[in-house]
Amino acid sequence: MSTLAETAPRGRTRRRMRIDGWRWSGRIFLVFMLLYTALPMIWMLSTSIKSGFAATQFPPQWWPDEPTLASYQKLLDPQNSVGQDFLRFFWNSLFVSTVTTILSVIVAVPAAYAFSRFRFPGRNFLFFTVLLRNMFPAVIFLVPLFILMRAIGLVNTHGSLVLTYLTFGLPLAIWLLKGFYDNIPVQLEQAARIDGATRFQAFILIVMPLSTPGIIATAIYSFIGAWNEYIYAYTFLSKNEQLTLPVGIQRFFSENTTDFPGLMAASFMMSVPVVVLFLVLQRYFVRALTEGAVKH
Amino acid sequence: MTIVTGKAEARRRLQPGRSGALRKIWEHRADYGYVLPAIAVMLIVIAYPIYYTVELSFFKTPPGLQLRDKIFIGFDNYAAILTSEVFWKVTLNTLIWTIGSTFFSFVLGFAAALALHRDFVGRGVLRAILIIPWVISAVAASYIWKWIYHSDFGIIGAVLVGLGLADRPPNFIDNVSTVLPSLIVVNIWREFPFAMIMMMAGLQTVPDQLLRAAEVDGANAWQRFWHVTFPHLRNVSTVTILLLAVANFNSFIIPWIMTGGGPSNASHIWITHIYELAFGRQRWGVASAYSVLLFLMLMTLGYFYVRALAGNERKEGSA
C-alpha cells in the first residue's frame, strides 16, 4: 500500500474520494433503515403510555404530553379481569415455549450428531425429508392434525401445541446443530476413544461442551418460534384459560378495538421476553443461523 | 470424514466381497437409533396429515367435520377451484406478495449487510436494532402496523396531511389498490433482517487478499463488488432467496390479522384463502384440494431448494 501511495499519489486521492462516496451512501442508507425499523417500535411505545383520549387526537402527539402507565398497570394487575387474563396467557406461552424448547434440544441433538458423523444408507434422504418439512405451510397440516388431535384427545390441551411446535422446530434445529457438529474435528473424539472412552462418553465429554453455543442457539430459536406461533394455537385452543399470548391478545382486543394504548402495551410486553433473550444471546443466535448456510 | 463408525467400517474392510444394501443397513443399525426419535415425531405429524389431505380432496364434505357422511366426488373439487374467479385473483395476489416481499427483503438486507460490513462506532448496536423486527411476534407487528395505517389516527396519514400531500388521511388497508403493497411493506419490515444476517455471514467468507489484489489492479469499488464479492456470495444468496420465498409463500399472520384477506379478496393469498375455506366456511373437501395443489407447487420449489442445499453439502464434503 505504501509504495502505491508514493508512486501514484493522485490516483490514491481520487480513489479515496470515490470510496468516501460509497461510504456516505452506505451511511445514508443505514439511517433510512434505522428509521424504517425503529419508528414503528417507538410509535408502539409512545402510544402505550398515552391515555385512550390522547391516542385518538388529530394531529397525533409524537410523544404524549402526560405519559401514563395506566395500560401496563391494568394488564399486570391480578385483581383486574383484564390483568388476570393477560397474566394467564403470559404464563401459558411461557409454559408451552419452555417445554417445547427442552424437548426440541433432547430430540435434535442425537439426530444432528448422527447426520453429521455417520454415513448410514438413506442418510441424505432422511436429512432432506427433515428439511422439507419447513417448506410446507401450517395450513396443509391443520385440518388433518385437528382431526388427529381430536381423536387422541389433545384438542384444547397444551400437549397438542408442544407436539406440533416440536415438528416444525426440529428441522431447523437439526440443521443448525449439524453445522456445529460438522465443524468439530472428528480427531478429538477419536483421541478420546483411543484413550478408552466409549462413544457415548466421548460425546458427553468432548462433543457436548464444544457444541454448547449451538445448543444455546437452537434453544433460543425453538423458544422464539414457539412463543410467536399463532396459527396452530388459534385453531387447536378454544378455552379462554388455555390461550397463548398471540391468540389471547387477539381475542381480547377484537372486542374493544378502540383501546389502542392497551393493545400497544400488550404488544410491547409480548415482545419483551424474546427481544431480551435475543439481545443477550444474539452472538450465538446469529452464528448458528449462518453456520448451516455458509461454509467456511 | 467418512470413517467414523470404527467397528462396522473395519468389518466391512475385512470382507470386501459382501456389500449388499441390506447388509449395509444392518451394519449401520445402531446409527438409526439417533435419528429415530426425530423421524418418529415427524412421521406422525407429517405423513399422516398429507395422506389424509389427499384423501379428503376427493370428497364432498358436510360442515362441522361430521366426516363419516362424506361423499366421493372424484376430481370435482379440483375442477371447481380451477374454474373459479377467486382462484386466479388469489394466485395473482400470492405471486405479487411472494415476489415483492422476497425481492425487497433480499435487496434491503443485502445492502444493509454491505453497509454494516466495515467497522464503525455503534455498529453492533445498530445491527441489533435492525434485527429486532425479525424477533418480535408477527402478531405484535401486525397490530403495530395496523395502528400506524389507521385511517383516522394513523401516524403515516397524519404526516402526509401535515406535509400537505393529502387533504385527509388516506385509507391504506381498506382500499383495494393499496392494501397489498401496504401489507408487503410490513412483511419486508419483518423479513429483511434475516437476509441481512445471512449476507453478513456470507461477506465474512470473501477473502480480503482477493479484494486487495483487485484494488491494486485498479478495480473500482463497484468492479470489486461485482467481480470479487458477488461471485463469492452466489451460494448463500441462493439459499437466502429460497428460504425467503418459501417463508413468504407460506405467510399467514400478517394478512390474516391486518385485513383477513379483504377488502373483496384484495389481500387474500393462498394460505389465508385455504384457511378461510376450511375453518371459516367449513368446506373441508375444497380446502384439501387447494392444499394438494399447493403441495404440488411447493414440491416443485422444493426440488430447487434441496438442490441448492445439496450443492452446499457437496462443497462442504470436498473442502
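Of the 296 residues of chain A, 43% count as buried. A residue is buried if 20 or more other C-beta atoms lie within 10 Å of its own, exposed if 12 or fewer, and partly exposed in between, with C-beta atoms placed from the backbone. This is a predicted model, in which local features need pLDDT of at least 70, side-chain atom pairs count only at pLDDT 80 or more, and totals for chains, interfaces and linings use all residues. Residues are numbered from 1 along each chain as its sequence is written, while chains are lettered from A and ligands numbered from 1 in the order in which they are written.

Start with chain A. It has 14 helices and 0 strands. Helices (H or I, at least four residues) and strands (E, at least two) are DSSP runs, numbered from the N terminus. The average pLDDT of chain A is 82, and 87% of the residues score at least 70. pLDDT is the predictor's confidence in each residue, from 0 to 100. Over residues 1–11 of chain A, pLDDT stays under 50. Where pLDDT is low, the predicted coordinates should not be read in detail.

Now turn to chain B. Its secondary structure comes to 15 helices and 2 strands. Of its 319 residues, 39% are buried. Look at helix H14 (residues 270–280) of chain B: 8 of its 11 residues are buried, so this helix is largely enclosed by the rest of the structure. Among these buried residues are Trp270(B), His273(B) and Tyr275(B). Just after H14(B), Gln282(B) takes a positive phi of about 60°.

Next, see how the chains meet. 85 residues of chain B are in contact with 87 residues of chain A. Two residues are in contact if their C-beta atoms, placed from the backbone, lie within 7 Å. Helix H3 (residues 29–56) of chain B gives the most to the side of chain B that touches chain A, with 15 residues. That side divides into 67 nonpolar, 14 polar and 4 charged residues. Here Ala, Val, Leu, Ile, Met, Phe, Trp, Tyr, Cys and Pro count as nonpolar, Asp, Glu, Lys and Arg as charged, and the others, Gly among them, as polar.

Finally, find the core. The largest nonpolar core has 157 residues, and Ala108(A), Ile174(A) and Ala112(B) have the most contacts inside it. Such a core is a set of buried Ala, Val, Leu, Ile, Met, Phe, Trp, Tyr and Cys residues joined through C-beta atoms within 7 Å. Helix H9 (residues 179–203) of chain B gives the most to this core, with 16 residues. Beyond its neighbours within four places in sequence, Ala112(B) is in contact with residues including Leu30(A), Met33(A) and Phe192(B).
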